[in-house]
Amino acid sequence: MEKHDMFCFQCQETARGTGCTRVGVCGKRPEVAAMQDLLIYVTKGLSFVTTKLRQEGKTVDKEVNHLITQNLFTTITNASFDREAIIKRIENTVKIKDDLISQLDDKNNLVEAALFNDSVENYDEVAASDKVGVLSTEDEDIRSLREMITYGLKGLAAYTKHANTLLYDNEKVDEFIQMALAKTLDDSLTVEDLVALTLETGKFGVEGMALLDSANCGTYGNPEITKVNIGVGKNPGILISGHDLKDLENLLEQTQDKGIDIYTHSEMLPAHYYPKLKKYKHLVGNYGNAWWKQKEEFEKFNGPILMTTNCIVPPSDSYKDRLWTTGVTGYPGCRHIDGKYGETKDFSAIIEQAKTCAPPEELENGNITGGFAHEQVFALADKIVEAVKSGAIRKFVVMGGCDGRMKSRDYYREFAEKLPKDVVILTAGCAKYRYNKLNLGDIDGIPRVLDAGQCNDSYSLALIALKLKEIFELNDINELPIIFNIAWYEQKAVIVLFALLYLGVKNIHLGPTLPGFLSPNVLKVLVENFQISGIQTVDEDLQLFFD
């Protein structure tokens, strides 16, 4: 097999749609990719050991579960570019794994990944071997399924990590993540076995999203319909990006009455919808657009930026000294704020920097409306059902998922603009930035864009569909007047896809391109069993959906 500097095809923008081999389109260098591959390898080895411990009737500490989800989250696209931080994670994982091996009654038949304990000096050599990384699996279809499952587990780990931060845990989800990771090392599993494991991953994806929904709503209240300011104030500001609501809460508490305004960015926009967060008067608005525009927008913000989760674009030198990371995120040369679960992070340093900065430069003004998570939509259920029965609403189209840099993503803006006026968009995730500032109007007072929140809130879209199925007394979710036209970019979108497949949703259109990690045979399975397809032109798809 041809040797590459690296090989990664986990995101939608992977080079040529087949794989990044010299440097990641995301900016990930080969030396970072190598350590991420090794981190996944040792995490699978650890998961093999924890699974074996459970089979012997032993318990696994919550801290070990958290370590595994954090390791997976660290390797999600645009999360950590910090090689040294990743190496420390590998060292810690190996140490904990070796400690747990000593607790096994039966230490026979351990897989090679579970036995790994090389010194740091050998990490690069091991990472470059044929044991580690995507291409370590020779069979194309087995490789495709193993990687697809691993990416789904990364997405599930991200949701689980957010819930854990709010002190919500689900032992069954953690147990499944680890069991499934261990199974990706099992050479006896067939294509059929791995397809079944993919659907089981979807089942636990639903449970993981339900856990996070309970954590967010249980902590901050159910989202409410809210108008969010997209202009700026006159005070210095701190811009917070990513997804972690606990980080935002800590930051709001520590900046209260200090003359500093807090702005959300990209996937943090839905924080404004939560009652407990929107009470802070200095949470003044949302600044900018989706993650990929941050280089030009962060430059103009003037104040410090806090990256709480994935979505980092390698920063320009002009604002690198204002970019801070926390949690699993990291970028060389940027300052990092640490903190354990249950602890209040100390944001005093970033606050002090903010006091020395000019107020943000205005990019736009006005407001956008969101907050249509499941409870808010359920409150409007009678009105929505009446609109459907009267014909005022002909169909819903789910346009959740991710935004990205590719010019082809203009498709989603044009699609939204050209939708018939009796169609309502259901969305969650940063894909909405293609159309959430368009004036698409309403239907009998119901906005034509119902924003449920972050990609983390995709669970709301599933609950809304299931509620409509119940109200209309349908036997099959596919009988609903709902079209699924989903944009994807990274691994959280993969677990959302798996969850929809587990719930029985068919005819999902996925774009702007189909995943590079799907082999032709695996794609054929998805097409034949679930009628998954890509997108065409806007006009062709509108004709397909509405004629």
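**A friendly note on helix packing and a buried proline**

1. Let's start with a pair of helices: H7 passes H8 in a left-handed crossing, meaning that the near helix is turned anticlockwise from the far one by less than a right angle (clockwise would be right-handed). Helices here are DSSP runs of H or I with at least four residues, and strands are E runs of at least two, numbered from the N terminus. The model is predicted, so local features need pLDDT of at least 70 and side-chain atom pairs count only at pLDDT 80 or more, while totals for chains, interfaces and linings use all residues. Residues are numbered from 1 along each chain as its sequence is written, and side-chain values use heavy atoms, leaving out hydrogens and water.

2. H7 covers residues 171–183 and H8 residues 191–220; their axes come within 10 Å and cross at roughly 155°. Axes are lines fitted to C-alpha atoms, for helices over the stretch in contact, with angles from 0 to 180 degrees between N-to-C directions. H7 and H8 are therefore roughly antiparallel; that label needs an angle over 145 degrees, with under 35 roughly parallel, 65 to 115 roughly perpendicular and the rest oblique.

3. A second pair is H16 (residues 410–418) and H20 (residues 538–546), which pack at about 45° with axes 10 Å apart. That makes H16 oblique to H20, and their crossing is right-handed. Tyr411, Glu414, Phe415 and Lys418 of H16 meet Val538, Asp539, Asp541, Leu542 and Phe545 of H20, where contact means heavy atoms within 4.5 Å.

4. Which residues of H13 are buried? In this helix (residues 348–355) they are Ile350, Ile351, Gln353 and Ala354. Buried means under 20% relative accessible area, exposed over 50% and partly exposed in between (1.4 Å probe, protein chains only). Seen down the axis of H13, the buried residues fall within an arc of 160°, so they line one face of the helix; the arc is that of the directions from the helix axis to the C-beta atoms. Their cover includes strand S2 (237–241), helix H9 (245–255) and strand S5 (305–307).

5. Finally, have a look at proline 270, in the loop between strand S3 (261–264) and helix H10 (275–278). Proline 270 counts as buried because its relative accessibility is 1%. Leaving aside residues up to four places away in sequence, proline 270 touches Lys432, Gly453, Gln454 and Asp457. From proline 270 to phenylalanine 298 it is 28 residues in sequence and 19 Å in space, C-alpha to C-alpha.
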